[in-house]
Amino acid sequence: AATILYGKEIAKDIREQLAGEVEELKSKGIVPGLTVVLVGDDPASHSYVRGKARGCEEVGIRSEIILKEASISEEELVAIVEELNENPNVHGILVQLPLPAHISEKAVIGAIRSEKDVDGFHPINVGNMMIGYDSLLPCTAHGVIEMIKRTGMPMEGKHAVVIGRSNIVGKPVSYLLQKENATVTMCHSRTVDLRHYTRQADILIVAAGKAHLIGSEDIKPGAVVIDVGVNRIDSGKLVGDVRFDEAKEVAGYLTPVPGGVGPMTITMLLKNTIEAAKNLSAI
Ligand code: NAD
């Protein structure tokens with residue numbers, strides 16, 4: 001049976017380390033600060049933002065949530081971002097996605113000063129990541145890589161298959177896996193015969209947002225399987241994209257949902273905020 005990769009525990013380890021870094025910054029008069037801008041009343045977004053604020057508190061980062069009604073205009077939202085860009089106490093700015101349909105994500109994310117873009121979604125950060133330059137990395141993708149590192153299995157030369165090609169998860173994960181010298185195959189909703197690819201995967205990253213998409217038949221015995229999906233099913237329960245009970249009989253390593261990738265994502269956000277505070281203070 002698979003070794004279960006409890007993101008929650010790995011995250012706790014890393015957060016202890018981060019708390020130490022925050023202490024050190026504070027001794028130099030720098031209090032890392034994150035501001036989250038949340039528009040509208042989507043319950044999932046509110047729950048994610050609460051998790052982020054709790055994470056900040058845990059490691060000593062000052063956090064603030066700016067709540068705005070869904071009726072806010074794009075200009076008003078951009079103006080808020082521009083004010084935060086200028087605020088020296090704010091090192092990280094995160095605009096929770098998705099935004100209401102009348103607001104362009106491109107315009108709002110593009111307005112964030114790239115040094116404060118702790119989600120790693122600004123085109124400057126995405127471009128730097130792709131070239132292999134230092135940048136603030138997208139949190140979920142970074143969290144996935146950190147979890148794979150914890151298995152102790154080298155990624156070099158391994159065949160990694162990524163399901164999903166979104167800008168938030170699939171694409172950045174594929175760049176970071178290549179940086180680790182894995183051979184990467186990208187699959188998505190138009191892929192014909194998905195199983196043909198997944199069965200070859202030494203490392204399988206599932207980020208489709210489709211409950212129970214992947215089962216034991218789709219997994220190469222011994223593979224590292226990282227389930228990024230978060231789906232609420234009819235019973236109200238949260239499940240991943242992988243059928244956990246079957247997969248754990250075949251995989252070598254497997255992440256649960258919840259308690260897997262989610263806590264790692266928030267931890268990488270905290271890490272980015274500390275990094276941004278250091279960079280902006282030229283430490
Ligand atoms: P998205 O909807 O933007 O992208 C989904 C991708 O999966 C698309 O590229 C699509 O082509 C592909 N896909 C959809 N159905 C497929 C199928 N049947 N076969 C193969 N590919 C398929 O979603 P996203 O923002 O990338 O998020 C993916 C999942 O990860 C969601 O469930 C989301 O909630 C979750 N998520 C979790 C975290 C976390 O921290 N745990 C963070 C971000 C996203």
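Strands here are DSSP runs of E of at least two residues, helices are runs of H or I of at least four, and both are numbered from the N terminus. Before going on I noted that the model is predicted: local features need pLDDT of at least 70, side-chain atom pairs count only at pLDDT 80 or more, and totals for chains, interfaces and linings use all residues. Residue numbers start from 1 along each chain as its sequence is written.

**Six-stranded sheet**

I looked up the strands around this pair. β7 (residues 203-206) and β8 (residues 224-227) run parallel and are joined by 4 bridges; two strands count as paired if DSSP finds at least two bridges between them. They belong to an open sheet of 6 strands, ordered β1-β11-β8-β7-β5-β6, with parallel pairing. At its edges I found β1 (3-4) and β6 (183-187), each pairing on one side only. Helix α7 (residues 170-179) packs on this sheet and touches β5 (159-163), β6 and β7; contact requires C-beta atoms, placed from the backbone, within 7 Å. The direction of α7 makes about 165° with that of β6. Axes are lines fitted to C-alpha atoms, for helices over the stretch in contact, and angles run from 0 to 180 degrees between N-to-C directions.

**Three-stranded sheet**

I then turned to an open sheet of 3 strands in the order β3-β2-β4, where the pairing is parallel. β3 (62-68) and β4 (92-95) each have a single partner strand, so one side of each lacks a neighbour in the sheet. From one strand to the next the twist averages 15°. I counted 7 bridges in the parallel pairing of β2 (residues 33-39) with β3, and Val37 has Ile66 in β3 as its bridge partner. Helix α2 (residues 43-59) packs on the sheet, touching β2 and β3, and its direction makes about 170° with that of β2.

Note on methods
Two residues are in contact if their C-beta atoms, placed from the backbone, lie within 7 Å.
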